[in-house]
Amino acid sequence: MRRASLVIFALASLVAAIPALACIWDSDTLRDERRGLPGVAEILAGRWERHSKFFYEHRARQSAALLEREPGNLAAYDDLAVAYEERVWESNGARNRVVRRPSGPAVVITPWNAPFMLSTWKTAPALAAGCTVILKPAEWSPLSCSLLCDLVAEAGFPPGVFNVVQGIGEEIGAALTRHEGVRRISFTGSPETAVHIGTAAARNVVPFTGELGGKGPLLVFADADLEAAARKAAGQYDDAGQVCLAGTRLLVERSVEDAFLELFHRFTDEHVLGDPRDDATTVSPLIHPEHLARVEGFVDRARANGDEIVRGGRRREDVGPLFYDPTLVIPRSNDSEIVQREVFGPVLTFQTFADEQEAVALANSTRYGLSGMVYTGSEERAGRVGRAVRAGTVWVNTFLVRDLTAPFGGVGISGIGREGGDYALDFYSDLKTLQILDGTTA
Ligand code: NAD
């Protein structure tokens, strides 16, 4: 009862704030004083040390690259919103103009990994588009998102424009997505939860985007720089594999199998499991005992299924209560659960292919399609395989390079809709066509 009242209170305040925020980007004063999103970015960047310490204590370890993205997300969307040019043209004796209007209150629901970075990534375009926002962070890493609320207030946003409501997904998240006043829902999390959110959105005819789980292939061709490929493959254990974009299915051309595996094991041996605050640490603990049990369950079932556990496959209580050893599994078949379902932990599978056709078929053989990686020395193959792998993002000879203006999302059960750049600003806007009959206005 108390939680439900909280949600209704937060929604009422955000609905009331729509006109206030709609004005914010039109105000020269606010722009001149560099308030709004650039203001939040500046405050954030200025308190880097203090915040990064706080973040480490309230979430799983994240790479420095992710930390740098946080102010970048805020500033980039402000730049895009300011740079937007309305399309204007003449036809049928009228002047046509495409106008972006804020869609209205947006609910943003985020997962427990990279909570602060993802919250800035998902709420900045909503704010830049002029929407009021209500953010519901995940239960296991809520605090950094409440900090974002403080920063937004400090940067001078009118009260009620940016709201954070903490709570259990099935209660608070579900109440938010059901609310009739909400006009957009942006979700990042698992495909299973996306089904509930999509159903709630459909009931109110509300557009929603889902950035969902992945089971990315990492393809290694014989013509690739094998050392770079093996190093990157071993790097998929970073952050204990709690990365949606990770290339968790290693697919290697058979002729270089042995050479690749030797290098892969060598680089994996270099990993340091430990305290996320320690610079030497590369593999952090899992987020929660329940998640550790989930990861362990996948490996135990793989073992029972006859899949071969080549390395790892056990808890590392000698390091701490939430550690799991970087694990490599050679599946008995491509249908094995360990190949077909996202583990979201330090668990990779290893399979080989004979040729490009088999490589692409294996890459595209799961229901996911968030991202993929291709290692090859051939420009032609990079283009061919890059297009053929079914995924929202494919990296060739690299990983996690992001241009914030590019579309981001998944295919299959990895996502619906696209965020990033103008794609996100369009999502949070109602595009209106304004037509004025020629010669009727002066
Ligand atoms: P989850 O789906 O369990 O929860 C995500 C959020 O949804 C949480 O805030 C949760 O409280 C909320 N929620 C749960 N049930 C709800 C309901 N019925 N109605 C409304 N909200 C509800 O996911 P998780 O375990 O927090 O995160 C891990 C998942 O997120 C993995 O699948 C991972 O791949 C995915 N992920 C995807 C991306 C991406 O960009 N594609 C990024 C990070 C994580």
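Helix axes here are lines fitted to C-alpha atoms over the stretch in contact, and angles run from 0 to 180 degrees between N-to-C directions. Helices themselves are DSSP runs (H or I, at least four residues), numbered from the N terminus.

Colleagues, the model before you is predicted: local features need pLDDT of at least 70, side-chain atom pairs count only at pLDDT 80 or more, and totals for chains, interfaces and linings use all residues. Residues are numbered from 1 along each chain as its sequence is written.

I begin with helix H8, residues 143-154. Helix H7, residues 115-128, packs with H8 at an angle of about 45 degrees, the axes being 8 Å apart. The two are therefore oblique to each other; the scheme counts angles under 35 degrees as roughly parallel, over 145 as roughly antiparallel, 65 to 115 as roughly perpendicular and the rest as oblique. Pro115, Phe116, Ser119 and Thr120 of H7 meet Ser144, Cys145 and Leu148 of H8, where contact requires C-beta atoms, placed from the backbone, within 7 Å. By class, these residues comprise 4 nonpolar, 3 polar and no charged. In this classification Ala, Val, Leu, Ile, Met, Phe, Trp, Tyr, Cys and Pro count as nonpolar, Asp, Glu, Lys and Arg as charged, and the others, Gly among them, as polar.

H8 also packs with helix H4, residues 36-46, at about 120 degrees, again with axes 8 Å apart. That angle makes H4 oblique to H8. Here Val40, Ile43 and Leu44 of H4 meet Leu151, Val152 and Glu154 of H8, a contact of 5 nonpolar, no polar and 1 charged residues.

I turn next to helices H11 (226-234) and H12 (257-269), which pack at about 45 degrees with axes 8 Å apart. H11 is thus oblique to H12. Their contact has 10 nonpolar, 1 polar and 2 charged residues.

Finally, the ligand. Which residues come nearest to the ligand? Of the 29 around it, they are Pro111, Gly169, Gly173, Gly189 and Gly213; a residue qualifies as near if its C-beta atom, placed from the backbone, lies within 6 Å. The shell divides into 11 nonpolar, 13 polar and 5 charged residues. Helix H9 (169-178) and helix H10 (191-203) each supply at least two residues of the shell, and H9 gives the largest share, 5 residues.

Why does the ligand shell lie between domain 1 and domain 2? Domain 1 (3-212 + 410-437) and domain 2 (217-396) both give residues to the shell, so it lies between them. The domain bounds come from an automatic or database domain assignment.

Definitions and conventions. Two residues are in contact if their C-beta atoms, placed from the backbone, lie within 7 Å.
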